[in-house]
Amino acid sequence: MRNSIFILTLCSFFLLSDSGFAAGKGYVSTGQLLQRFLSYVNIDSQSTPAFAPGEFPMTEGQRELAAFVADEIRGLSPDVECILSDDNYVYVNIPSNIGRKGVPVLGFSCHLDVTPECKRAPVRPSVIYNYQGGDIKLNDSTFIRTDSPEGEALKNCIGKTIVHTDGTTLLGGDDKCGMSVVVSLIETALNDRKFKHGPLQFVICPNEDIGLSAARVDTAIFNPDILFDIDGLGDRVITKSNFTAKQVIVGFKGHDAHPGSAKEMQFGDAIAAASHYIASFPLETRPERSEGLQGYIHPWSLVVDGNNCTVSVRIRYFSKDDGELYDKYLAQAWEHTASEFPFVGMELIDNSLQYENVSYSMHPESHSIVLKASEKTGIPVEFADERGGTTAAMMAAKGLNGGCCIFSGQHAVHSVYEYAVIEETYNAYLLCCAIISETLKVTE
């Protein structure tokens, strides 16, 4: 039964999405998208953390997947402009085919790495072609339970195609679901002559899950007027704003002395100074006291090295007013600690913007384009604020235009319970096809 369903999907001339929207003959099918997704998750592309400012660590799996998808794209058309950079970014530029000037450049981004937070390969994906409800058994001791936060969305997935792991690794739907959509869009734009579009730019980034997906993007190749990132959870949700994220790292250099003669020997207690610095932030700025559009200051790491130590702080906020207030708190914490511990040296090791709220630089027509695409396809959407960041947010921090993040069918990410719902991924593809068409109506 499973094989017959799969073959029928592959052989269809068109396919109805959940909304009833009919995809034309030149569109990719759900079966093709599924096979594309499986080919990506079978490559271990886990990233590894950077331990110092300016580092851009690269794993062999990311190199392998970047080369794999670049070869796949080049095989779609002899005329495709596909660039694989030394830093393993994959760029594709497709010229307009409408012969009219003044259409904005539309860009799509996604990422090829998976988080280092969970056990790595080998990924053993399993496919349920017609999910009929109930808990999903991953192995003898691990289940995706419908009454758990990880499996709650399964209640809305009856009859759908679900890909999951064997419960020992993550799946990689974050963001290989997005990759599958992006490459399918590229295939459609290249090979369907009836599919009209303006100038298109695509980038598949490495190192997103360590916060560096925009760190080495080539803005001479990728710098669209309108940006959409395809890396959202589940279905429907479109991120319209997100946290601005800063990282502050402070070093404390101590001066050792016997405590009995500490005063005259100018004892500098780096641990005490670092602890005082951490305690200087108002309790109301703690992350566990924030929700919704409230930001936070999170001193999350204290590393001791002999007489010295280092404190790392995460700063997150939505509004610029909160950002200015948090900068004030950081300055006050520094000044007060330096005053109270005069024999401890303090060094600002890093003060960097990691990602920016996309709402500050998003194209003004972005929401309208999405809503019109939703109406055209019948695929429902909900705009939301994201207490996190995306590749688009990292692009915005680099000075590029920010953009909405689109759902992609990924669920329970960064865990062994991760699964993907292929029909949701396919709806993201259809919605993006409609977004490309609706962008033709925007004039710069």
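**Rings, cavities and cysteines in a predicted model**

Biologist: How far apart in helix H9 are tyrosine 426 and tyrosine 429?

Modeller: Tyrosine 426 and tyrosine 429 are 3 residues apart in helix H9, which spans residues 422–439, so about one helical turn separates them. Please keep in mind that this is a predicted model.

Biologist: Is tyrosine 429 buried or exposed?

Modeller: Tyrosine 429 has a relative accessible area of 0% and is therefore buried, and tyrosine 426, at 2% relative accessibility, counts as buried as well.

Biologist: Which residues do ring pairs link into a cluster with Tyr426 and Tyr429?

Modeller: The cluster linked by ring pairs consists of Tyr27, Phe195, Tyr426 and Tyr429.

Biologist: How many aromatic pairs does a search of the whole structure find?

Modeller: The search of the whole structure turns up 14 aromatic pairs. One of them joins tyrosine 326 and tyrosine 329, whose ring centres are 6.5 Å apart and whose planes meet at 25 degrees, which means that the pair is stacked.

Biologist: Where do tyrosine 326 and tyrosine 329 lie?

Modeller: They lie in helix H6, residues 320–340, with 3 residues, or about one turn of the helix, between their positions. Tyrosine 326 counts as buried because its relative accessibility is 7%, and tyrosine 329 counts as buried at 17%.

Biologist: Which ring does the charged end of lysine 320 sit over?

Modeller: The charged end of lysine 320 sits over the ring of tyrosine 360, at 4.5 Å from the ring centre. Arginine 145 also has its charged end over a ring, that of phenylalanine 143, 4.5 Å from the centre.

Biologist: Changing topic, how many disulfides does the structure hold?

Modeller: The structure holds 0 disulfides.

Biologist: What about holes inside, how many cavities of 30 Å³ or more does the search find?

Modeller: The search of the whole structure finds 2 cavities of that size, and the largest cavity has a volume of about 60 Å³. Its lining has 15 residues, of which Asp44, Val114, Ala121, Val123 and Leu170 are the closest to the centre.

Biologist: What classes of residue make up the lining of the largest cavity?

Modeller: The lining of the largest cavity comprises 7 nonpolar, 4 polar and 4 charged residues.

Biologist: And how much space lies in the second largest cavity?

Modeller: The second largest cavity holds about 30 Å³, and the residues lining it include Val103, Pro104, Leu106, Ile436 and Leu440. By class, that lining has 7 nonpolar residues, 2 polar ones and no charged ones.

Biologist: Now the backbone: which peptide bond is cis, with omega near 10 degrees?

Modeller: The cis bond runs from aspartate 174 to aspartate 175, with omega near 10 degrees, and aspartate 175 lies in helix H4, residues 173–191.

Biologist: What is the phi of asparagine 88?

Modeller: Asparagine 88 has a positive phi of about 70 degrees, although this residue is not a glycine. Asparagine 88 sits in the loop between strand S1 (81–84) and strand S2 (90–94), and its relative accessibility of 8% means that it counts as buried.

Biologist: And where is arginine 236 found?

Modeller: Arginine 236 is in the loop between strand S9 (226–233) and strand S10 (237–242). Arginine 236 is not a glycine, yet its phi is positive, at about 80 degrees, and with 36% relative accessibility this arginine counts as partly exposed.

Conventions: Residues numbered from 1 in each chain as written. Predicted model: local features only at pLDDT ≥ 70, side-chain atom pairs only at ≥ 80, totals over all residues. Heavy atoms only, no water. 1 Å grid on protein atoms, 1.4 Å probe; cavity = no way out; pocket = protein on both sides within 12 Å on 5 of 7 lines; lining within 4 Å. Points joined across faces, edges and corners; volume = space filled by probe spheres on them. Nonpolar A, V, L, I, M, F, W, Y, C, P; charged D, E, K, R; others polar. Phe/Tyr/Trp six-rings, centres within 6.5 Å; stacked < 30°, edge-to-face > 60°. Helix = DSSP H or I, 4+ residues; strand = E, 2+ residues; numbered from the N terminus. Buried < 20%, exposed > 50% of the residue type's maximum accessible area, 1.4 Å probe, protein only. Lys NZ or Arg CZ within 6 Å of the ring centre and 35° of its normal. Disulfide = S-S within 2.5 Å.
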